[in-house]
Amino acid sequence: KQRLGNIIEGTDVGTWEWNIQTGEVIFNERWAEIVGYTLEELAPISIDTWLGLTHPDDLKVSDELLEKNFTGEIDYYECETRMRHKNGEWVWVLDRGKVMSYTDDGKVLWMYGTHQDITDRKQQEKALNQLSTTFSAVSGEVFFSNVVKHLATTLGMDYAIIGELMGEKDRINVVGGYAKGQAMALPFQYDLADNPCKNVVGQSFCICPSGAQQQYPNDQLLAEMGVDGFMGAPLFGSAGQPLGIILLMHSEPIENPKVAESLFKIFSARVSAEIERKQAEETVRKLSSAIEQAGESVIITDRRGIIEYANPAFTRVTGYSAEEAIGQTPRLLKSGNQDAAFYKAMWKTITDGEVWHGKVIDKRKDGSFYPAMLTISPIFNPSGDVVYFVGTQSDLSEIEDMEQRFHQAQKMEA
């Protein structure tokens, strides 16, 4: 009996015994703790105690499963139900049991079973479901906003923040924030020095259940927000580099960090991927802006040499619009000043994966010739195959005109 008691206590489950004929029940202390009570607070205890705490929508399913166990259609009763906690919230429990004795005339008599708190698992299942449905359909600011709102409301926290590292990795840029029922006004940034985030970024899950302001007395922001408890999880990129942080804060002590830690683990990979995607988009946007505003002519072709992009400088130099150039090849600019052998050697160099650099004479749309310094660089895919070529061209017309005028001036002086 002592061994059985130790096993039950070690598994942290509630137990119940039910006389089906009289309604008498016997619960252990853990059964009551799961719903926030003591056995004394629940007294007098009967089957009505369980019925009164169970969600009405779950009773029908439970009754059907019990009846099947009573009749022998199923060997064991197993049912997940919601029960009203003392604090007013619903907790999920898994009840398992079996009829173990019968009356002399064959009626079910005593049933015995266990009562397990599965709220954490249910919240994880909900989070996974939302990741695969609600959150998978959105990206960027909407995604970050949805995640922080979900974490704050699910875990009952005053604040939820997703931040990315900036600059010298000593500052956080908040990309999603939720504060006391409302989305935080962005942009918002803060330094890592003297605040709890410094112990999380690039490291591991960290929790301070209470006393955050005393632990970090130099963090003015914690004081202004009235934070007592906080927890944070680091975000890492696909190459293992630190990306940022997910942070939860509350004005009261944090009572159930295990649930938060499990949700952090579920969301962190998806949040990290979204931050990397956002950063990649910003890089592409910067590069695109730089190319668009560059003074040099830039074209991008596919593996066959078909033009797919031409920047505004290309139009200024050649006279051809991007629309006219796209779908053509650079032969569009052929002047006849370079022979076939020249182009054959050029093509071999770039298809071999090497950069070609040299001077050419090309022809504008109006038929005029212009000298240019051309560089063609191959672009590779992850497998190492050439997939694009980028050509940059500097118009040398003004430079050569200046040189010619300089030489003429020297001759006149002589």
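Modeller: Start with burial in helix H5. Buried means under 20% relative accessible area, exposed over 50%, and partly exposed in between (1.4 Å probe, protein chains only). In H5, the buried residues are Asp-58, Leu-59, Ser-62, Leu-66, Asn-69 and Phe-70. They fall within an arc of 110° seen down the helix axis, so they line one face of H5. That arc is taken from the directions from the helix axis to the C-beta atoms.

Colleague: What kind of model is this, and how are residues numbered?

Modeller: This is a predicted model, where local features need pLDDT of at least 70, side-chain atom pairs count only at pLDDT 80 or more, and totals for chains, interfaces and linings use all residues. Residues are numbered from 1 along each chain as its sequence is written, and side-chain values use heavy atoms, with hydrogens and water left out.

Colleague: Which residues are exposed on the other side of H5?

Modeller: Asp-57 and Lys-60.

Colleague: How far apart are the end C-alpha atoms of H5?

Modeller: The expected span of a helix is 1.5 Å times one less than its number of residues. H5 has 15 residues (56–70), so it should span 21 Å; its end C-alpha atoms are 21 Å apart, which agrees. Just after H5, Gly-72 takes a positive phi of about 85°.

Colleague: Now the charges. How many salt bridges does the structure hold?

Modeller: Side chains of opposite charge can pair when their charged atoms come close. A salt bridge is a side-chain nitrogen of Lys or Arg within 4 Å of a carboxyl oxygen of Asp or Glu. The structure holds 15.

Colleague: Where do Glu-41 and Lys-86 lie?

Modeller: Their side chains meet in a salt bridge (2.8 Å, N to O). Glu-41 is in helix H3 (residues 39–42) and Lys-86 in the loop between S3 and S4, 45 residues apart. Glu-41 is partly exposed, at 40% relative accessibility. Lys-86 is partly exposed too, at 44%.

Colleague: Which parts does the pair of Glu-80 and Lys-122 tie together?

Modeller: These side chains meet at 2.7 Å, N to O. Glu-80 lies in strand S3 and Lys-122 in helix H6 (residues 119–132), so the pair ties together parts 42 residues apart in sequence.

Colleague: Which residues form a network of salt bridges?

Modeller: Arg-270, Glu-274, Arg-277 and Glu-281 are linked that way.

Terms used: Helix = DSSP H or I, 4+ residues; strand = E, 2+ residues; numbered from the N terminus.
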